[in-house]
Amino acid sequence: VARQPTLRSVIALWTAIQVISAGLTTGLIFYLTQDRGLGTAVVGIVLSAFALGALGGSLLAARLAPRAVGPVMLGGAVGFGLTLIISVGATVPLIVAMALLAGILNANVLVAYVSLRTMLSPDALLGRIGATARTLSVGLMPIGALVAGILLDTIGGGPTLALMGLGLVAAGACFALLPDVRGARIARAGA
């Protein structure tokens, strides 16, 4: 593992994405119901659009997985962030469209990450690396949720979603500076 800077970098990128977006559902619900005064039906439609996008994105990811997963992860993080920024102050149909796109992007980032992490892990350490990576990404999510809760309470839902979006864009941009992540690829079977 010490000789796998790409593995360490993609685990760090996924962890950053997870921490930044940990309070997303709460922030979105707060934004739609408290800031915008929209009903629970709109919340259900927006969350359903995200779920539908995630399903479609997972099907699309199967086609993208053998290709350049580094750019998929980086572009997905930036795109996911942009969907949040665009959604603030947007019309309901645009918010639904952005939720659908965010689901597609998030699924592609996840599939690319898990595929790359598995491929780069030595067979003897696959379980330990997976457990450690999961502990980092999920274990640090409460920090992101806490920060999101504090932000929701102090500045409201729209600014909180915009900050999450900016954080995701910044994470994607910062990790794009690492050539190991930018150039990460998964070889095709038999290649």
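Biologist: Is the crossing of α1 and α6 right-handed or left-handed?

Modeller: Two packed helices are described by the angle between their axes and by the distance between those axes. In this predicted model, the axes of α1 (residues 5-20) and α6 (residues 126-139) cross at roughly 30 degrees and come within 8 Å, and the crossing is right-handed.

Biologist: Which residues make the contact between α1 and α6?

Modeller: From α1 the contact uses Leu7, Ile11, Trp14, Thr15 and Gln18, while α6 supplies Ile129, Ala133, Leu136 and Ser137. By class, the residues of this contact are six nonpolar and three polar, with no charged ones.

Biologist: What span should helix α8 have, given its number of residues?

Modeller: Helix α8 (residues 157-176) has 20 residues, so at 1.5 Å a residue it should span 28 Å, and this agrees with its end C-alpha atoms, which are 28 Å apart.

Biologist: Which helices do the buried residues of α8 pack against?

Modeller: They pack against α1, α2 (24-35), α4 (69-87), α7 (141-155) and α9 (179-182); among the buried residues of α8 are Leu161, Met164, Leu168 and Phe175, along with glycines including Gly157, Gly165 and Gly172.

Biologist: How many helices and strands are there in the chain?

Modeller: The chain has nine helices and zero strands. Its radius of gyration is 17 Å, close to the 16 Å from the globule rule for 191 residues, so the chain is as compact as a globular protein of that length. Of the 191 residues, 40% count as buried.

Terms used:
Residues are numbered from 1 along each chain as its sequence is written. This is a predicted model: local features need pLDDT of at least 70, side-chain atom pairs count only at pLDDT 80 or more; totals for chains, interfaces and linings use all residues. Side-chain values use heavy atoms; hydrogens and water are left out. Axes are lines fitted to C-alpha atoms, for helices over the stretch in contact, and angles run from 0 to 180 degrees between N-to-C directions. Helices (H or I, at least four residues) and strands (E, at least two) are DSSP runs, numbered from the N terminus. A crossing is left-handed if the near helix is turned anticlockwise from the far one by less than a right angle, and right-handed if clockwise. Contact means heavy atoms within 4.5 Å. Ala, Val, Leu, Ile, Met, Phe, Trp, Tyr, Cys and Pro count as nonpolar, Asp, Glu, Lys and Arg as charged, and the others, Gly among them, as polar. The expected span of a helix is 1.5 Å times one less than its number of residues. Buried means under 20% relative accessible area, exposed over 50%, partly exposed in between (1.4 Å probe, protein chains only). The radius of gyration is taken over C-alpha atoms; the globule rule is 2.2 Å times the number of residues to the power 0.38.
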